[in-house]
Amino acid sequence: MHFTYDALPGRVVFGAGAARTELAAEIDRLGATRVLLIASERDAGRVRIITDPLAGRVAATFTAVREHVPVATADAARAAAVGADAVLCIGGGSTIGAAKAVALTTRLPIVAVPTTYAGSEVTPIWGLSEDGVKTTGVDLAVLPRTVVYDPELTATLPPELAAASALNAMAHCVEAFWAPRRNPVSSVLAEEGVRVLAAGLRDGDPADLLRGAYLAGTAFAAAGSGLHHKLAHVLGGLGLPHARTHATVLPHVLAFNAAGSPEATTRIARALGCADAVAGLRALTDAAGVPRGLRELGLRADQLDEVAARTEAVVPADNPVPVGGGALRRLVQLAWEGAGWEGAAGPTASASSPAVADAPTR
Ligand code: NAD
């Protein structure tokens, strides 16, 4: 066996209420005294409760968070960081993305308090968007030094967004089995991530989902992006919503790659507690009320050729199933129509239907 694995640095503090009770000590631990707080204006009430104990340490606040970090947002956040010695971000991937944009140019340390399951807080990946095109890169300076996971914060996510975000994390795990830098360590994290996220999706416990999100983000950071993330990235650039797009596309990509990735299907099925990984994942997304097709998210039929062409150009060469010869275009068509579920149970199917019989049991 031969593999490489870049273990990433970072401190994790996990616990209900930790954002209220442990943040001040974590900021002291970094020696920071003039913190730039980044949090969406939408979350102001929640954020005030968390930041009250920080007393005079918050020197400035930036609230104009936007999805996919437009360059103008990054510039404004960087301007707000003048004089700061650390960045504290409280929010979802968009908020953490703004903090990463600041760290990219200022090299300031980040303390992240995630409020969704997207996983950006444990990756060194930054993203910026301009004129509908999203650029991403990797820089260790944007990897948060400390992450405070507090399940009390994700408990306020609307159920539909919570499920989509958890399935965004699930996508990190599923893809980690065939992504370009996959290795035995990332696969262990991914399999456990699938198990914990599936449990959280069934029991609705934010602590399970947040622990799964950490495992998922860590697996993704180690293994990298494959077909699923490349496709979701192109769709995100066209304006589709991040978490819901991942959730909708994932069963289609797993069904596409399943034949070429027995390790993925075996380990995902085991983690889901079912015989068939694809049927098990579909049962989970159906139960969560995830749309089966991208047309329900607003993607138009006349955009499918462009989506397939742009994705095909960036899919890793060792994707387990070849994407050439029109195969990727057919996958995009199925993902748009929401087709390919034949024989699977719908959300209202009877308990004796095939996919329910194959649905996760634990
Ligand atoms: P988001 O941060 O855009 O949040 C989605 C919505 O949920 C927002 O309206 C937000 O205000 C609301 N919200 C967040 N937390 C909430 C809570 N606890 N209660 C109620 N409402 C809440 O969505 P996201 O899916 O977390 O992040 C998406 C962005 O993150 C995308 O730009 C994506 O590219 C990026 N991302 C980056 C990485 C990376 O490694 N760089 C990884 C994952 C996602």
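Me: Buried area is the accessible area (1.4 Å probe) that two parts lose on being put together, summed over both. What makes up the area buried between domain 1 and domain 2?
Reply: About 1,700 Å² is buried between the two domains, with 69% of it on carbon and sulfur atoms. The model is predicted: local features need pLDDT of at least 70, side-chain atom pairs count only at pLDDT 80 or more, and totals for chains, interfaces and linings use all residues. Residues are numbered from 1 along each chain as its sequence is written, and side-chain values use heavy atoms, without hydrogens and water.

Me: How many residues of each domain are in contact?
Reply: With contact defined as heavy atoms within 4.5 Å, 19 residues of domain 1 meet 21 residues of domain 2.

Me: How many salt bridges are counted between domain 1 and domain 2?
Reply: A salt bridge requires a side-chain nitrogen of Lys or Arg within 4 Å of a carboxyl oxygen of Asp or Glu. The count between domain 1 and domain 2 is zero.

Me: Where is Ser261 found, and why is Ser261 called buried?
Reply: Ser261 is in the loop between α11 (242–257) and α12 (262–272), helices being DSSP runs (H or I, at least four residues) numbered from the N terminus. Buried means under 20% relative accessible area (1.4 Å probe, protein chains only); Ser261 has 6% relative accessibility and therefore counts as buried.

Me: Which residues does Ser261 contact, leaving aside its neighbours within four places in sequence?
Reply: Ser261 is then in contact with Trp178 and Pro320.

Definitions and conventions: Helices (H or I, at least four residues) and strands (E, at least two) are DSSP runs, numbered from the N terminus. Buried means under 20% relative accessible area, exposed over 50%, partly exposed in between (1.4 Å probe, protein chains only).
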